Amino acid sequence: MSFQSKITKEELNKMPVVTFEGEITVIDKNKDVEAAIAVLQQQTIVGIDTESKPSFKKGIYYKVALLQVATDTFCYLFRLNKFNKKAEEMIFQFLGDKNIMKIGLSLKDDFSRLRRLNKGKSANFVDLQTIAKQYGILELGLQKMFAIVFGQKISKSQQLTNWENSTLSLAQQRYAATDAWAALQIYKRLKQEKSLPQSVVDKMLAAALAEQQELSRQNLQRNQNEESLVY
């Protein structure tokens with residue numbers, strides 16, 4: 001099976017919305033972290049994602065407030081902004097466990113914003129932005145990637161809500177769990193197919209770059225023409 005490389009907003013908007021329907025557990029107390037990690041250590045593969053309080057001012061960023069870890073049937077939401085150092089260390093040791101594959105999307109940036117993560121190291125982590133190209137998918141966002149693979153849309157309505165609220169709303173919980181679960185589902189579905197030859201992938205990437213450069217050139221030319229009309 002071949003996947004389409006890109007998807008338009010119009011195509012996306014026509015798709016049915018899907019959400020994670022499994023069990024969601026919010027972990028916001030230090031005493032509950034160890035038991036949750038013990039359950040996760042029994043897994044061989046999980047989906048992960050993070051959320052931070054949104055910033056609406058340039059140059060201002062907030063620490064990662066939430067770490068989502070999902071399987072096919074359940075998801076733990078770890079509220080990192082509420083833990084002591086011992087609880088944090090257990091979570092970071094889990095992320096550094098080489099025996100558990102962790103599937104996410106562009107989490108390198110998220111990891112760099114964590115206060116500490118095993119001195120910046122994570123293990124057995126797979127970035128969907130890297131492997132999706134091997135199957136001809138050139139979209140970088142989770143929502144569009146999921147839509148291409150499954151023909152369904154995951155909602156992003158809660159993305160810019162406050163993830164440091166004293167209590168996460170049910171909508172926030174479902175949104176957060178869905179993102180981590182969706183990453184896992186994409187990976188598992190892609191692995192059912194044969195990846196494209198590297199030569200084909202390289203040609204696709206080159207064509208996409210050329211298209212982007214041409215669009216940039218046209219936009220620059222349009223702006224220059226508009227400026228000349230003003231003067």
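Buried means under 20% relative accessible area, with a 1.4 Å probe and protein chains only; exposed means over 50%, and partly exposed lies in between. Helices are DSSP runs of H or I with at least four residues, strands are runs of E with at least two, and both are numbered from the N terminus.

This is a predicted model: local features need pLDDT of at least 70, side-chain atom pairs need 80 or more, and totals for chains, interfaces and linings use all residues. Residues are numbered from 1 along each chain, and side-chain values use heavy atoms, without hydrogens and water.

**Helix α6**

Start with α6. Seven of its nine residues are buried. They are Leu142, Gln143, Met145, Phe146, Ala147, Ile148 and Val149. Their cover includes α1 (9-13), α5 and α7; contact means heavy atoms within 4.5 Å. Just after α6, Gly151 takes a positive phi of about 70 degrees.

**The cores**

A nonpolar core is a set of buried Ala, Val, Leu, Ile, Met, Phe, Trp, Tyr and Cys residues joined through side-chain atoms within 4.5 Å. The largest one has 40 residues, and Leu128, Ile137, Leu142, Ile186 and Leu190 have the most contacts inside it.

The largest share, 11 residues, comes from α7. Ile186 touches Leu128, Leu142, Met145, Phe146, Val149 and Phe150, leaving out residues up to four places away in sequence. Another core lies apart, with 23 residues, including Val46, Ala87, Phe92 and Leu95. In soluble globular proteins, nonpolar side chains tend to be buried together.
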